[in-house]
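Hi,

Here is the structure I promised to pass on.

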Amino acid sequence: MIEEKNMIQGEEAPRVQQELRSKCAEYTALDHVYRSEVLIPGYGSVAFVLLGLALLVPDITYLGALAPLAKVAGVVMVLGGLYTIQRTFVAHAYPRVIRLDEKGIEFESFGSSVRFETDRLTRCAVREGARGRSFLRIEQEGGPTRRLFLNCMGMEGADGERAMAVQDYLFVQEARLDPKSIRVRARKLNERKEEGRRS
């Protein structure tokens with residue numbers, strides 16, 4: 001199993017490096033996209049927590065039969081708000097800037113950045129959604145682990161191109177590290193279908 005995996009990595013290494021050399025770039029989230037998808041929910045969650053606490057701390061027995069429901073709503077608002085705050089401002093799960101080069105990839109959010117070297121990656125699992133959105137779990141040997149929410153169609157480089165090169169890079173790394181995963185097999189099948197339609 002290990003020999004097979006190393007063989008696959010060796011076969012793909014030249015192609016991977018060639019692709020990365022042609023895709024060295026920095027991508028930044030579009031202002032309106034980042035504002036609507038990250039900033040407003042993030043800061044709005046602070047208000048959500050405060051409103052939830054307002055329902056929990058004071059005496060709200062004047063609400064009568066609705067008081068228990070208000071308490072439950074307060075708990076839900078506080079927990080939901082804290083989760084969003086943690087994900088946005090603590091875990092930095094929504095990168096505003098992504099830097100991609102031939103040696104690795106770097107994610108930056110609210111002034112905090114983390115870098116993953118290509119040759120040290122131990123996991124790269126991409127669950128893609130619609131229109132360039134994806135959920136990423138990425139790890140490297142002796143380094144950090146991150147869970148990130150990416151919107152490659154909502155980011156652009158210096159020439160105005162969308163950040164789909166980032167998604168391509170992540171797909172290549174996932175195929176290199178876990179070639180037998182269901183997602184990798186499904187992508188290869190879709191690629192073959194597309195090639196068949198073109199021919």
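Before anything else: this is a predicted model, so to speak of local features I needed pLDDT of at least 70, and side-chain atom pairs count only at pLDDT 80 or more, while totals for chains, interfaces and linings use all residues. Residues are numbered from 1 along each chain as its sequence is written, and side-chain values use heavy atoms, with hydrogens and water left out.

**Overall layout**

The protein chain has five helices and eight strands, in the order α-β-α-α-β-β-β-β-β-β-β-α-α along the sequence. Helices (H or I, at least four residues) and strands (E, at least two) are DSSP runs, numbered from the N terminus. Of the 199 residues, 37% count as buried; buried is under 20% relative accessible area, exposed is over 50%, and partly exposed is in between (1.4 Å probe, protein chains only). Among contacts (heavy atoms within 4.5 Å) with a separation of 6 or more, 54% join residues 24 or more positions apart.

**The core**

The largest nonpolar core has 28 residues. Such a core is a set of buried Ala, Val, Leu, Ile, Met, Phe, Trp, Tyr and Cys residues joined through side-chain atoms within 4.5 Å. I105, F107, L136, V166 and L170 have the most contacts inside this core, and helix α4 (residues 164–177) gives the largest share, six residues. Beyond its neighbours within four places in sequence, I105 is in contact with residues including V114, F116, I138, V166 and L170.

**Helix α3**

Helix α3 covers residues 67–90, so to speak 24 residues, and reaches 33 Å from its first C-alpha to its last. That is close to the 34 Å expected at 1.5 Å a residue, where the expected span is 1.5 Å times one less than the number of residues. Its buried residues are A67, A70, G74, M77, V78, G81, T84 and T88, and what covers them includes α2 and β3 (104–109). Why does T84 count as buried? Because its relative accessible area is 17%. Leaving out residues up to four places away in sequence, T84 touches P41, G42 and S45. After α3 comes H92, with a positive phi near 50 degrees.

**Salt bridges**

How many salt bridges does a search of the whole structure find? Twelve, taking a salt bridge as a side-chain nitrogen of Lys or Arg within 4 Å of a carboxyl oxygen of Asp or Glu. Here are some of them:

- R96 pairs with D31, the closest N and O atoms being 3.3 Å apart. R96 is in the loop between α3 and β2 (97–101) and D31 is in helix α2, 65 residues apart.
- E139 pairs with R123, with 3.7 Å between the closest N and O atoms. E139 lies in strand β6 and R123 in strand β5, so the pair ties together parts 16 residues apart in sequence.
- R115 and E117 meet at 2.8 Å, N to O.
- E26, R99, E106 and E108 are linked in a network.

A130 sits in the loop between β5 (121–128) and β6 (133–140). A130 counts as exposed because its relative accessible area is 58%. A130 and N151 are 21 residues apart in sequence and 9.4 Å apart in space, C-alpha to C-alpha.

Cheers
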